[in-house]
Amino acid sequence: EVYFKNLSKQKQKEVMEKNGNNHKLRVCVATCNRADYSKLAPIMFGIKAEPQFFELDVVVLGSHLIDDYGNTYRMIEQDDFDIHTRLHTIVRGEDEAAMVESVGLALVKLPDVLNRLKPDIMIVHGDRFDALALATSAALMNIRILHIEGGEVSGTIDDSIRHAITKLAHYHVCCTRSAEQHLIAMCEDHDRILLAGCPSYDKLLSAKNKDYMSIISTWLGEDVKTRDYIVALQHPVTTDIKHSIKMFELTLDALISFNKRTLVLFPNVDAGDKEMVRVMRKKGIEHHPNFRAVKHVPFDQFIQLVAHAGCMIGNSSCGVREVGAFGTPVINLGTRQTGRETGENVLHVRDADTQDKILHALQLQFGKQYPCSKIYGDGNAVPRILKFLKSIDLKEPLQKKFCFPPVKDNISQDIDHILETQSALAVDLGGTNLRVAIVSMKGEIVKKYTQLNPKTYEDRLALILKMCVEAASEAVNVNCRILGVGISTGGRVNPREGIVLHSTKLIQEWSSVDLRSPISDALHLPVWVDNDGNCAALAERKFGHGKGIENFVTLITGTGIGGGIVHQHELIHGSSFCAAELGHIVVSLDGPECLCGSQGCIEAYASGIALQREAKKLHDDDLLLVEGMAMKEEEIVSAAHLIQAAKLGNTKAESVLRTAGTALGLGVVNILHTVNPSLVILSGVLANHYVSAVKDVINRQALSSVKTVDVVVSNLADPALLGAASLVLDYTTRRIY
């Protein structure tokens, strides 16, 4: 408020003289609840600070005036605003009908208020049913409407209400570039749209340096430290009340199990809110030593609480919008905020249908610190809004004009537009080659680049960057829009952080390597990294035999043996990212030594390296070559020679392949008895040579209940690249847990 009072009065005078208009703009700000007041208050302070331009009338209605929700009109009085009118508009009830009746009651009461105030313009915020009543009344009484936060996308009935208010409003203040584009797409006049940012960010971005420990102590107890508590704020979803109540119950169970001090705020006034309060009381939340249940926290104090929390959980728009300004971890539950733009601090749990899933999300997020996000504002929204208000010409016709796009008689499109496709850069780090490809959404490899994989870390990373930059440039020429970079690499990978933890012996100097940061910084694209076996499974899930299959296993048979496990449509990584190391299942206690240091692993029998080893032994004993085979003197013996010899009737070579196939089959039987998939996919250059042997072993050794499993050979030409691409194509829009 002090800031606005100190604005240059001389400049204001010059503007008024230039316009030749001494009429003060009479602005009515109507606030319905604690949430919209946090957005409207900064604007109200700005208007109040410029009395030579504006007259401010404040109308309070909705849950502000209900004791169960904290009588939050008092905070408006504490901010030294004169409340012109108080309207009791909430009809108490348990279902959707109460919301309809509340809108009707507001529509009955508002005309008299607006007739007395005769405002030039009414400022309406957001997407609540109360706001719809305000906008409807003002529109029908020929009062200009300025709508705050239009054009955004979320879940539930709020979306429909927000867009309905947009169509009634004459002027629009939006917070993000996407929201602005949505308003334009909805045929709103571009000249009447202001991209200002969220007004609450004007306060948020200067809030964190204030004294906060006393606030934390007041609301959570003196023994609570920063980053060691949770803020929970969850509202009913009016389009699916029963499910949202169940989700709230699971959330409370998870929070009780998580055993951290938690501040729980009461839900909004919506159908189902009373049932949510009953759930809280049934579980004893108000008397639980780890919980503090409150009806309302003043906004200044609330932002300090979320700024220093270890995590925020629930489905409030505050979590996906305001909390990003502090980098506080957020767990967004359910579909209420589906479609909102979010920072990387938000983890979405769309299907919050089990306590374990919510608890696991808490374990992933609690205590982290993310970069601060300014998606919704830069701290300068109010000056822009005030300037926008001053520019409104009351002499302009009141009738709205919609800017419909032209309708063309000729509906044909340019071929370049038709062919432009969303694509990914896929990187495959093999033991010998480094490959980069442009892969389309349909799994087509549009262009591929191959180089020998350098031996040192520095050379390898430099080559990856060089090849990715070249491929990204070429993507423009082939009408592809690159959404991100997916990397498939050997070894143990932490996909959450994009770090190669430990490499295989085939790739040197490739342990504890952060791949995500340098590549993302260089290309300005999101980057995903995973193990090559997991990538093969993802490729099958998106493009191959695994598409639509709930539970399946992929086995790669190549230089080594790897694989991936998909369970309930999700890839399994394991607690230390070591799941699906299928090549190191032990099938013999005294078998040959494996590269991992153990003995008797599948990889020691059935990998390309193992077959090459046995081929060399036969060749050294002059037992490999048979009639029809020839080798040059300098030619290196490989697994291919062993396979050729077996095809030409070499019984020794046939025995080696039979043993390898049996070892692989025994490994598959162990997998069937452990995770019980409905499908096993053999991938890689050796798959066709092993499929019959694997089926035979399953018929001999497996339990009868798993013998019906399908064993197929992959039909994908390049699963590593396709899997790397699927990392991008499946997860580009936002993180989903």
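A residue counts as buried here when its relative accessible area is under 20%. The model is predicted, and buried residues make up 53% of the 737 residues in its chain. The secondary structure comes to 26 helices and 26 strands. Along its principal axes, the C-alpha trace spans about 105 × 60 × 50 Å. Of the contacts in the chain with a separation of 6 or more, 68% are accounted for by residues 24 or more positions apart.

- Helix H15 covers residues 355-365, and its buried residues are Ile358, Leu359, Ala361, Leu362, Leu364 and Gln365.
- Just after H15 comes Gly367, which takes a positive phi of about 85°.

**H11 against H15**

- The axes of H11 and H15 are 8 Å apart, and the two helices pack at an angle of about 50°.
- The crossing of H11 past H15 is right-handed.
- On the H11 side, the residues that meet H15 are Met247, Leu250, Thr251, Asp253, Ala254, Leu255, Ser257 and Phe258.
- On the H15 side, the residues are Gln355, Ile358, Leu359, Leu362 and Gln363.
- Sorted by type, the residues of this contact of H11 with H15 are eight nonpolar, four polar and one charged.
- Two residues of H15 in that contact, Ile358 and Leu359, are also among the buried residues of the helix.

**H3 against H16**

- Helix H3 (residues 34-48) packs with helix H16 (residues 381-390) at an angle of about 55°, and their axes are 10 Å apart.
- That angle makes H3 oblique to H16.
- H3 passes H16 in a crossing that is right-handed.
- H3 contributes Pro42, Ile43, Gly46 and Ile47 to the contact, while H16 contributes Val382, Ile385, Leu386 and Leu389.
- Seven nonpolar residues and one polar residue form the contact of H3 with H16, with no charged residue.

**The buried face of H16**

- Ala381, Val382, Ile385, Leu386, Phe388 and Leu389 are the buried residues of H16.
- Viewed down the axis of H16, these buried residues fall within an arc of 160°, so they line one face of the helix.
- Val382, Ile385, Leu386 and Leu389 are buried and also take part in the contact with H3.

**H18 against H19**

- Helix H18 (residues 457-477) and helix H19 (residues 516-523) have axes that come within 11 Å and cross at roughly 35°.
- H18 passes H19 in a right-handed crossing.
- Leu461, Ile464, Leu465, Cys468 and Val469 of H18 make the contact with Pro518, Ile519, Ala522 and Leu523 of H19.
- The contact of H18 with H19 has nine nonpolar residues, no polar and no charged.

- Cys198 is placed in the loop between strand E7 (193-195) and helix H9 (200-204).
- Cys198 counts as buried because its relative accessibility is 0%, below the cut-off of 20%.
- Leaving aside residues up to four places away in sequence, Cys198 touches Lys39, Glu149, Cys175, Arg321, Glu322, Tyr376, Gly377 and Ala381.
- One of these, Arg321, is 123 residues from Cys198 in sequence, and their C-alpha atoms are 9.0 Å apart.
- Another of them, Ala381, is one of the buried residues of H16.
- Gly608 lies in helix H22, which covers residues 608-620.
- With 14% relative accessibility, Gly608 counts as buried.
- Gly608 and Thr557 are 51 residues apart in sequence, and the distance between their C-alpha atoms is 7.6 Å.
- Gly608 touches Gly558, Thr559, Ala639 and Leu686, not counting residues up to four places away in sequence.

- Gln568, in the loop between strand E23 (561-567) and strand E24 (570-571), has a positive phi near 55°.
- Asn676 has a positive phi near 50° and lies in the loop between helix H24 (651-675) and strand E25 (679-683).
- Asn676 is partly exposed, because its relative accessible area is 49%, between the 20% and 50% cut-offs.

Technical notes
Residues numbered from 1 in each chain as written. Predicted model: local features only at pLDDT ≥ 70, side-chain atom pairs only at ≥ 80, totals over all residues. Heavy atoms only, no water. Axes fitted to C-alpha atoms, helices over the stretch in contact; angles between N-to-C directions. Helix = DSSP H or I, 4+ residues; strand = E, 2+ residues; numbered from the N terminus. Parallel < 35°, antiparallel > 145°, perpendicular 65-115°, else oblique. Left-handed = near helix turned anticlockwise from the far one by under 90°. Contact = heavy atoms within 4.5 Å. Nonpolar A, V, L, I, M, F, W, Y, C, P; charged D, E, K, R; others polar. Buried < 20%, exposed > 50% of the residue type's maximum accessible area, 1.4 Å probe, protein only. Arc of directions from axis to C-beta.
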